[in-house]
Amino acid sequence: MQLFSLGLNHKTAPVEVREQLALSPSRLPQALQFLRHAHGVREAAILSTCNRAEIYAVGTHEAAPQLERFLDEFHRVPTQRLTQHLYRHADADSARHLFRVAAGVDSLVLGESEILGQVKSALSSAQQHGAMGNVLDELFRRAIACGKRARSETAIGRGALNVGSAAVELARQIFGPLAGHTVLILGAGKMSALTAQHLVASGAHQVLVANRTYERAQQLARTFNGEIESDLPLLSGIPTAHSEAVTWEEFPRRLVDADIVIASTRAPHLILSAETVAAAMKARRHRPLFLIDIAVPRDIDPAAHQLDNVFLYDIDDLQGVVNTNLAQRTQELSLVEQIIESEVGDWNKWMGALDARPVLAALAQHAAQVRDTETEAALAQLSHLSERDQQIVRGLARSISGKLMHAPLRHLRQSAEAFPGDVEAIHRAFELNGGHENDTQSTCKENNSGDGDAP
Amino acid sequence: MMEWLSRTEGTLLLWVVAAYFVAMILLWAQLFFHADDSVEQPRPWRQAMGLSSRILLWTGVALHLLALTGQGGALFTLRAGVAGLFGFSLILVFLVAEARLGRAISGAFIVPVALIATLYSLTETPLHRAVPQPELLETQWLVVHVSMIVIAYVALAFAFVASLLYLLQEGLLKRKQLHGLWQRLPSLQVADTLIYRATGFGLALLSLGLFIGIVWQQRHQPDYPVLRDPKVLFSLLTWLTFAVYLSARRWLGWRGRRTNLVVVYGFVLMVISFFGMPHVIQ
């Protein structure tokens, strides 16, 4: 029983190649069926995202070439054209690769967490279509656990990696929880709307929109209200906020109500002077004001940053936050690799024990059978013995067989991974019935019910 | 029991100081080695540091309580006694309310303050031998006066530490130095609210405590020139500084760096009035 994987990702293949192997959800069942019925394949799973296409399979040694045949016949992409982009792994390397993927180490954006959900859905769709078996099931569960561990025990998933989340991070350092705070958008553009969405998703409860053309302000305000559908990708699923359109002339007065101002107009000159901000601060009784200027050329007078309780960040500053966070994530890599290695070690133990488990069961069963047959045959000839004496004889037999089998059973349990040949030797030496390959399926089931991580 | 406590008080306090000191080093180490309270599952060694500093502080506080019970009346009449009482209360309150500003970051500032106070209390041990003047103890008012002042000091020490954290965070945000420490510092608004509340509470108790103290003194020694006692004057100056902060924050809407600096000045004055200014009477 071996584990194989084959795939390509954003590092090894350009998008023109990746899109040829992309699987729509509707074709996934067919693909899994194809793999499942390929010669030598017992279990299969497919991890398909926009950045990677990977196939995992468990089977005999004949299963490996079947994966390439799948690309050839199912995707109708000749393997020769893909060879330079493909990576192939087996056994521990396959496991290591999936663990790295789940931990976000292999992602385009280091440590991003979306991949964890994608690994989960690869697991559940393979389960749903009957392609999952004990081994892959265990592998994917362990991969998900490994991904969670990496993100909770290290900082690989921490720190904003886009301008919108960086704005949220900064706002939290100024205001603490954002609940009850108001966002003012100057310039109803896509960038400012996206940034405001991040803030609303983090608790900001009111959005004011000012724009030179009032109609556009009204339109954006209505999307935040939830009155009209947004064409922005992020907005679906984000809680709605109280929102209000503000005329362009009115906005300086509304600086009193706002805590966070996002400016991104296309104006070629400054639209918010430091004097206006200073006047607003007085009216605000010096409550802190967070100004985000993501316009190029800039909208807000940089001198505003010098005012007490005013914090002005432009697009470069926010990008700086993102870069710092990325550097911090990179520093965490070695720790994540340690976690992955320890998980791979555990996986190897599990796989080693997998081979031993049916032999273990068969051996124990064999011993019990011999013991019971012989004891009962002897007792049949000793019918004069009292019930108590019979119990003593049975106890004697149990104790002899127990003591004899203790050492080999323990050896099998503990050193299956270290000496895989021993499993085979014991299997032959005791002339145990049934190949241990065949028993794998039935005897492993019980070991799989433990750690529930099912999506 | 009391006798044994009195005899071992000096040794006991040394252990207390040692516990506070090691805990302080651990808290600092936690900060410098990227201790991040917000990572869900702290790394094992970091967790171990956090746990051991907590255990050390609780042990220290328990031993400190033992040592204090051995001091009897000196606790309220001698400056060293009051300093010990203050250090003890500060750690105790920190342990009870540690999560408010972030454990490691606030502890890194609170524990040193308590440590200095406790070290100072060691200068006059064994305190039980310093026989308090009996007439000073004849009234319960002294105990009330000192307790109130100590609680006020604890609240104002918290306001002071929160101000330091605020100034640090504000400085980082203004200079746009957004790495390392800044995520472990409390947000400006959280720190600001805590400064305001702690100062309000502290000032109320300080007012009452000072009032009781002055009235008690006047009744005890009617001809004592209270307003020429430098300690009293400095205490009033301290009171005034905190009062200025509180009214400016409350009624004039002052906020931010300069306002919170007033709290820092106030705390410095408070320390001077406590340590630096002897009562003329003594």
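**Exercise 1.** How many salt bridges does the rule find across the interface of chain A and chain B?

*Solution.* Note that this is a predicted model. Start with the charged pairs: the rule finds two salt bridges across the interface of chain A and chain B. In one of them, B:K176 pairs with A:D317. The closest N and O atoms of this pair are 2.6 Å apart. The cut-off is 4 Å, so the pair counts.

**Exercise 2.** Describe the side of chain A that touches chain B.

*Solution.* First, find the elements. α7 (134–153), α8 (163–175), β10 (310–314) and α13 (315–331) of chain A each supply at least two residues. α8(A) gives the most, with six residues. Then sort by class: twelve residues are nonpolar, eleven polar and nine charged.

**Exercise 3.** Work out the extent of the contact between chain A and chain B.

*Solution.* Count residues: 32 come from chain A and 30 from chain B. Now take the area. The two chains bury about 2600 Å² between them, 45% of it on carbon and sulfur atoms. A:R158, A:Q173 and A:R285 supply 24% of the area that chain A buries against chain B, more than any other three residues.

**Exercise 4.** Which residues touch the most other members of the largest nonpolar core?

*Solution.* This core has 113 residues. A:L170, A:L199, A:F290, B:F86, B:L90 and B:L173 touch the most other members. Helix α6 (residues 140–175) of chain B gives the most to this core, with 19 residues. Apart from this core lies another, of 64 residues, including A:V41 and A:L354.

Conventions. Residues are numbered from 1 along each chain as its sequence is written. Chains are lettered from A and ligands numbered from 1 in the order in which they are written. This is a predicted model: local features need pLDDT of at least 70, side-chain atom pairs count only at pLDDT 80 or more; totals for chains, interfaces and linings use all residues. Side-chain values use heavy atoms; hydrogens and water are left out. Contact means heavy atoms within 4.5 Å. Buried area is the accessible area (1.4 Å probe) that two parts lose on being put together, summed over both. A salt bridge is a side-chain nitrogen of Lys or Arg within 4 Å of a carboxyl oxygen of Asp or Glu. Helices (H or I, at least four residues) and strands (E, at least two) are DSSP runs, numbered from the N terminus. Ala, Val, Leu, Ile, Met, Phe, Trp, Tyr, Cys and Pro count as nonpolar, Asp, Glu, Lys and Arg as charged, and the others, Gly among them, as polar. A nonpolar core is a set of buried Ala, Val, Leu, Ile, Met, Phe, Trp, Tyr and Cys residues joined through side-chain atoms within 4.5 Å. Buried means under 20% relative accessible area, exposed over 50%, partly exposed in between (1.4 Å probe, protein chains only).
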